[in-house]
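Subject: Structure handover

Hello,

Here is the structure I promised to pass on. Please open it first, then read the notes below it.

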Amino acid sequence: MKSKINYIGIAVVLIGLILVLKALGGAISLYWLIPVFSLSIFNIYQSAISDDKYARKVYNHRLNFMVSKSVETVHTEIEPDLLFDKVVEEIRKSKLRISYASRKERLVVISTPMSLRSWGERIYFEVVEKGKNTDLIIESIAPGQVISYGKNKENTKKLIQHIEDSFTI
Amino acid sequence: MGIIVNLDVVMAQRKMMLKDLSKKTGISNVNLSILKQGKAKAIRFSTLEVICEALDCQPGDILSFEK
């Protein structure tokens, strides 16, 4: 499992907080509030595009520090198209909302509802053919959040377990 | 080799299509395909029971062991 702490994001948010506190302590100047407003607008933009499949590119951009994610891979010997169908079937059974599904791209995007720990995550299921084997990449992203409070890790763990259990027929 | 799933052989003998078996057993096409290809991790007794009932066969006809 690849799940790293977003140190840059945490640092930027802390600096932003210090700037706001400084601005509130003295005379409130527009200069201090510019980075805070910029980040807020960027977060609104991230939320607005969340249902779009291209949002993944924005979330995974190396300069985007306002996002936390967790990635996990399942290795199988099942044909890619069959695995894609299986994933869609299992998602439909679990009553999660499918935002986007493409058999051609072998990509499924689902959204989780808002909770106390997050504003809702986007989960990407990608079926990748690797020679004779097929990999299922599950990526959980919490847009606009530097820390997901373990929600991303929990999502990927639960989904991996669910998919693996579903191979008991 | 291990456990071999002969579901495709039994289905061919009974001249039954995958979708017909799916209708009869209530098991999805996807799950039957995975089972047929021998890619399933395990099989439940309940699944084996409905398949045997639909195909009028014994579990030994569907599963075999090869060294």
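One term before the findings: buried area is the accessible area, taken with a 1.4 Å probe, that two parts lose on being put together, summed over both. Please also keep in mind that this is a predicted model.

**The interface**

How much area is buried between chain A and chain B? The value is about 1,300 Å², and carbon and sulfur atoms give 59% of that. Three residues stand out on the chain A side. Leu82(A), Thr168(A) and Ile169(A) supply 52% of the area that chain A buries against chain B.

In terms of contacts, 13 residues of chain A meet 15 residues of chain B. Polar contact links 8 residue pairs between the two chains, with both residues at pLDDT 80 or more. Helix α4 of chain A, residues 80-93, gives the largest share of the side that touches chain B, namely 5 residues. Sorted by class, that side of chain A has 7 charged, 4 nonpolar and 2 polar residues.

The count of salt bridges between chain A and chain B is 1. Its partners are Glu77(A) and Lys39(B). Their closest N and O atoms are 3.9 Å apart.

**Chain A as a whole**

Chain A has 169 residues, and 41% of them count as buried. The chain holds 5 helices and 5 strands. Along the sequence they run α-α-α-β-α-β-β-β-β-α. Take the contacts in chain A between residues at least 6 apart in sequence: 57% of these join residues at least 24 apart.

How confident is the prediction here, and where is confidence lowest and highest? The mean pLDDT of chain A is 81, and 88% of its residues reach 70 or more. Helix α1 of chain A (residues 7-25) has the lowest confidence, with a mean of 71. Strand β4 of chain A (residues 122-130) has the highest, at 91.

Look next at Asp135(A), in strand β5 of chain A, residues 133-143. Is Asp135(A) buried or exposed? Its relative accessibility is 5%, so Asp135(A) counts as buried. The cut-off for buried is under 20%. The side chain of Asp135(A) makes a polar contact of 3.4 Å with the side chain of Lys130(A). Leaving out residues up to four places away in sequence, Asp135(A) touches Thr73(A), Val74(A), His75(A), Glu126(A), Val127(A), Val128(A) and Lys130(A).

Glu79(A) sits in the loop between β1 (67-76) and α4 of chain A. With a relative accessible area of 46%, Glu79(A) is partly exposed. Which residues does Glu79(A) touch, not counting residues up to four places away in sequence? They are Thr134(A) and Gln37(B). Along the sequence, Glu79(A) and Asp135(A) are 56 residues apart. In space, their C-alpha atoms are 9.9 Å apart.

Ser148(A) counts as buried, at 9% relative accessibility. Tyr149(A) counts as exposed, at 54%.

What joins Ser148(A) to Asn152(A)? Their side chains make a polar contact of 3.4 Å. Ser148(A) also touches Ser68(A), Arg117(A) and Ala142(A), again not counting residues up to four places away in sequence.

Tyr149(A) has a backbone feature to check. Its phi is positive, about 55 degrees, although Tyr149(A) is not a glycine.

**One spot in chain B**

Lys15(B) also has a positive phi of about 55 degrees, and Lys15(B) is not a glycine. Its place is the loop between α1 (7-13) and α2 (18-25) of chain B. Lys15(B) is exposed, with a relative accessible area of 78%.

**Where to start**

Then find the salt bridge between Lys39(B) and Glu77(A). After that, go to Asp135(A) in strand β5 of chain A.

Best wishes

Methods: Residues are numbered from 1 along each chain as its sequence is written. Chains are lettered from A and ligands numbered from 1 in the order in which they are written. Side-chain values use heavy atoms; hydrogens and water are left out. Contact means heavy atoms within 4.5 Å. A salt bridge is a side-chain nitrogen of Lys or Arg within 4 Å of a carboxyl oxygen of Asp or Glu. A polar contact is a pair of N or O atoms within 3.5 Å; within protein, one must be able to donate a hydrogen and the other to accept it, and residues adjacent in sequence count only if both atoms are side-chain atoms. Helices (H or I, at least four residues) and strands (E, at least two) are DSSP runs, numbered from the N terminus. Ala, Val, Leu, Ile, Met, Phe, Trp, Tyr, Cys and Pro count as nonpolar, Asp, Glu, Lys and Arg as charged, and the others, Gly among them, as polar. pLDDT is the predictor's confidence in each residue, from 0 to 100. Buried means under 20% relative accessible area, exposed over 50%, partly exposed in between (1.4 Å probe, protein chains only).
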